[in-house]
Amino acid sequence: MITLSIDGKPIQVEEGTTLLEAARKLDIPIPTLCHHRVIEPYAACRVCLVEVSLKGRTDLVPSCNTKAVEGMEVRTQSPRALNARKMNVEMLLARAPAAEPVREIARSLGITETRFEVKEPTRKCILCGLCVRACEDIVGANAISFLERGAERRVSTPFDEPSEACIGCAACAFFCPTGAITVEDLRGRKVLHDEFTLGPSTAIRIPTRQAVPMVPFIDEDACIHFKTGKCGVCAKVCDREAVNHEMQDEIIEFEVGSIIVASGFKSFDARRIPAYGYGRYPNVLTAEEFERMVNASGPTGGKIKLTDGREPQAVGIVHCVGSRDVNFNEYCSRVCCMYSLKFAHLIKEKTNAAIYDFYIDMRTYGKGYEEFYHRLLEEGTHFIRGRVSEITDMATTDAEEGKLIIRVEDTLLGSVRRIPVDMVVLATGLEPSLDHNLLAKTLGISCSQDAFFLERHPKLAPLATYSDGIFLAGTCQAPRDIPDTVAQAGGAAAEALALADKGTFALEPITAVIDKDICAGCQICVGLCPFTAITFDKEQGVSVINDALCKGCGTCVAACPSGAAQQKHFRDTQIFAEIEGIFLA
């Protein structure tokens with residue numbers, strides 16, 4: 001450890017600690033503009049000058065890159081240090097008069113104006129070089145650099161043209177201390193609705209804000225390290241050394257006694273309905289994108305904005321996008337009506353916009369749901385009953401210019417209406433996940449006609465599947481809201497615990513059997529069995545049924561060409577005897 005004093009206060013620090021870091025440990029403020037803890041100090045701004053005495057010698061040194069030495073005496077507010085600091089700030093103020101951080105430091109030092117000539121009143125760059133060093137040392141892209149020399153020196157891309165080396169990471173804007181570098185959309189949009197997601201839009205993020213366990217992961221497609229092989233800032237600043245970029249995916253196999261399937265759902269892709277304009281009109285949003293925008297921690301801080309940054313004056317909410325439609329999904333997605341009403345309430349709460357809610361049938365069943373619907377009526381939401389046929393920007397009147405026009409048949413008025421709005425929110429329905437069929441085949445469970453997993457019985461066994469020990473929870477089985485999903489998940493967990501506690505389970509009394517004497521060994525039954533209960537014995541040349549896996553569905557019995565497969569308690573001789581008994585009676 002090294003002992004020194006700063007402004008008369010003694011402190012012990014580790015070897016290699018800079019004076020700036022030591023002063024911060026004592027809560028002694030030293031202004032600086034060019035310093036960032038993940039970039040090696042370069043002392044470009046010279047604002048952090050302090051007076052240092054050591055072995056009878058006194059010097060002015062930049063505190064950001066001067067290492068602490070045993071016995072050093074540091075004075076941060078000495079007249080000599082303050083005068084030098086003021087001189088440097090005045091020169092920076094002349095070079096970048098529009099930089100608010102420079103103006104703020106100047107005000108703290110009592111500087112109201114600079115004595116030097118101001119050539120560019122709108123300039124913000126102080127030529128600290130943090131952006132260039134970040135792009136070169138951290139990102140490894142080398143997309144920007146210093147150009148010219150002397151008074152003409154500046155930061156830009158090669159030949160002042162957009163650089164192909166730029167990977168769009170925005171590190172230069174992140175490290176810029178004065179706001180001289182900004183990241184802007186090439187089309188001039190201020191809010192990018194189509195980039196909204198349910199989670200934070202960073203390379204290190206948590207899948208969703210309700211994820212369990214709450215553990216972040218690194219998105220390789222967005223991470224700078226996996227693009228250029230450099231950066232690694234996250235590993236440098238992580239005190240617990242929990243970041244490992246060399247870690248590889250691995251598959252772990254282990255045996256379990258029961259499985260709870262909770263594979264969830266995916267939202268309907270609104271691009272499949274071109275008439276609604278999603279993907280063509282930037283102010284047509286899906287429900288997930290709007291949910292992200294109104295979140296207080298979202299990109300807009302919870303404010304509802306159009307792509308040009310304005311607040312909408314009229315918003316349309318379209319129900320049943322992809323649901324209750326013979327062309328896509330005939331079932332009701334169950335949650336769309338209620339989250340659409342929630343959106344309408346949030347829009348009314350955050351803006352003064354007129355709200356138009358387009359519905360087919362308002363399905364607000366549930367505790368307190370109907371009351372919430374009536375509350376929206378009292379708040380002034382305009383409810384229009386009818387399926388929206390088209391969303392377009394083709395205006396026919398002056399009032400429709402610059403608007404999105406929603407064409408809909410109002411079934412209550414019996415007329416076709418054109419409603420001009422600034423923003424449209426599409427209440428997209430729920431669909432099974434893309435890998436449902438693969439998962440069903442892997443687990444040996446069935447899917448219903450709409451591709452959701454099929455339960456054993458809708459009333460007597462709503463959580464179980466035809467495969468023992470496999471239970472269903474949530475929207476993998478059918479569309480449902482959060483309370484119902486939580487209740488079903490608790491039931492599925494109870495079923496799994498009951499099975500583990502009992503230690504045994506009952507087999508199906510009605511199973512299939514194969515008569516080895518007449519089995520031809522064609523193996524048709526092996527491929528058809530949905531529970532993989534039939535195997536082929538190569539030595540005997542016959543099929544064999546595992547009674548523990550067989551559920552007595554009868555598929556093999558119906559398909560067996562030789563009649564070798566029969567079902568217990570339903571053999572042909574038994575059925576014929578029952579029929580004969582009926583006639584004789």
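Analyst: Glu-431 and Arg-272 form a salt bridge, with 2.9 Å between their closest N and O atoms. A salt bridge here is a side-chain nitrogen of Lys or Arg within 4 Å of a carboxyl oxygen of Asp or Glu. The pair links distant parts of the chain, 159 residues apart. Glu-431 sits in strand β20 (residues 430-432), while Arg-272 lies in the loop between β11 (265-267) and β12. Helices (H or I, at least four residues) and strands (E, at least two) are DSSP runs, numbered from the N terminus.

The model is predicted: local features need pLDDT of at least 70, side-chain atom pairs count only at pLDDT 80 or more, and totals for chains, interfaces and linings use all residues. Residues are numbered from 1 along each chain as its sequence is written, and side-chain values use heavy atoms, leaving out hydrogens and water.

The two ends of this bridge differ in cover. Glu-431 counts as buried because its relative accessibility is 6%. Arg-272, at 38%, counts as partly exposed. The cut-offs are under 20% relative accessible area for buried, over 50% for exposed, and partly exposed in between (1.4 Å probe, protein chains only).

Now the strands. β12 (residues 284-286) runs parallel to β19, joined by three bridges. Strands pair if DSSP finds at least two bridges between them. Thr-286 has Leu-426 as its bridge partner in β19. Strand β13 (residues 314-321) also runs parallel to β19, with five bridges. There, Val-321 is partnered by Thr-428.

How many residues of β19 (residues 423-428) are buried? Six of its six are, so the strand is mostly covered. Both faces are covered. Met-423, Val-425 and Ala-427 are buried on one side. Val-424, Leu-426 and Thr-428 are buried on the other.

Next, β17 (404-410). Five of its seven residues are buried, so β17 is largely enclosed by the rest of the structure. β16 (388-392) pairs with β17 in the antiparallel sense over four bridges. Strand β18 (residues 415-421) is also antiparallel to β17, with seven bridges. Val-408 has a partner in each of these strands. Val-388 stands opposite Val-408, and Arg-417 is the bridge partner of Val-408 in β18. β17 and β18 form a hairpin with four residues between them. Gly-414, in that turn, has a positive phi of about 75 degrees.

Lys-403 belongs to the loop between β16 and β17. It counts as partly exposed because its relative accessible area is 23%.

The structure holds 22 salt bridges. Asp-361 pairs with Arg-385, and their closest N and O atoms are 3.1 Å apart. Asp-361 lies in the loop between β14 (354-359) and α10 (369-379) and Arg-385 in strand β15 (residues 382-385), so the pair ties together parts 24 residues apart in sequence. Asp-361 is partly exposed at 26%. So is Arg-385, at 27%.

Asp-468 and Arg-456 meet in another salt bridge (3.1 Å, N to O). Both lie in the loop between α11 (436-443) and β21 (470-472), 12 residues apart. Asp-468 is partly exposed, with a relative accessible area of 33%. Arg-456 is partly exposed too, at 28%. Elsewhere, salt bridges that share partners join Lys-266, Arg-272 and Glu-431 into one network.

Last, the surface. Ile-252, Phe-254, Val-256 and Ile-259 form a nonpolar patch, with about 420 Å² of accessible area together. Patches are made of residues with over 30% relative accessible area and no salt bridge; like charges are joined within 9 Å, nonpolar side chains (Val, Leu, Ile, Met, Phe, Trp, Tyr) within 5 Å. Phe-254 is in the loop between α7 and β10, and is exposed at 64%. Glu-250 comes from that loop as well, between α7 (233-237) and β10 (259-261). It counts as exposed because its relative accessibility is 65%. Glu-250 gathers with Glu-220, Asp-221 and Asp-249 in a surface patch of negative charge.

How values were computed:
Accessible areas come from the Shrake-Rupley method with a 1.4 Å probe; for residues, only the protein chains shown count as cover. Lys and Arg count as positive and Asp and Glu as negative; His and the chain ends are not counted. The place of a charge is taken as NZ of Lys, CZ of Arg, CG of Asp or CD of Glu.
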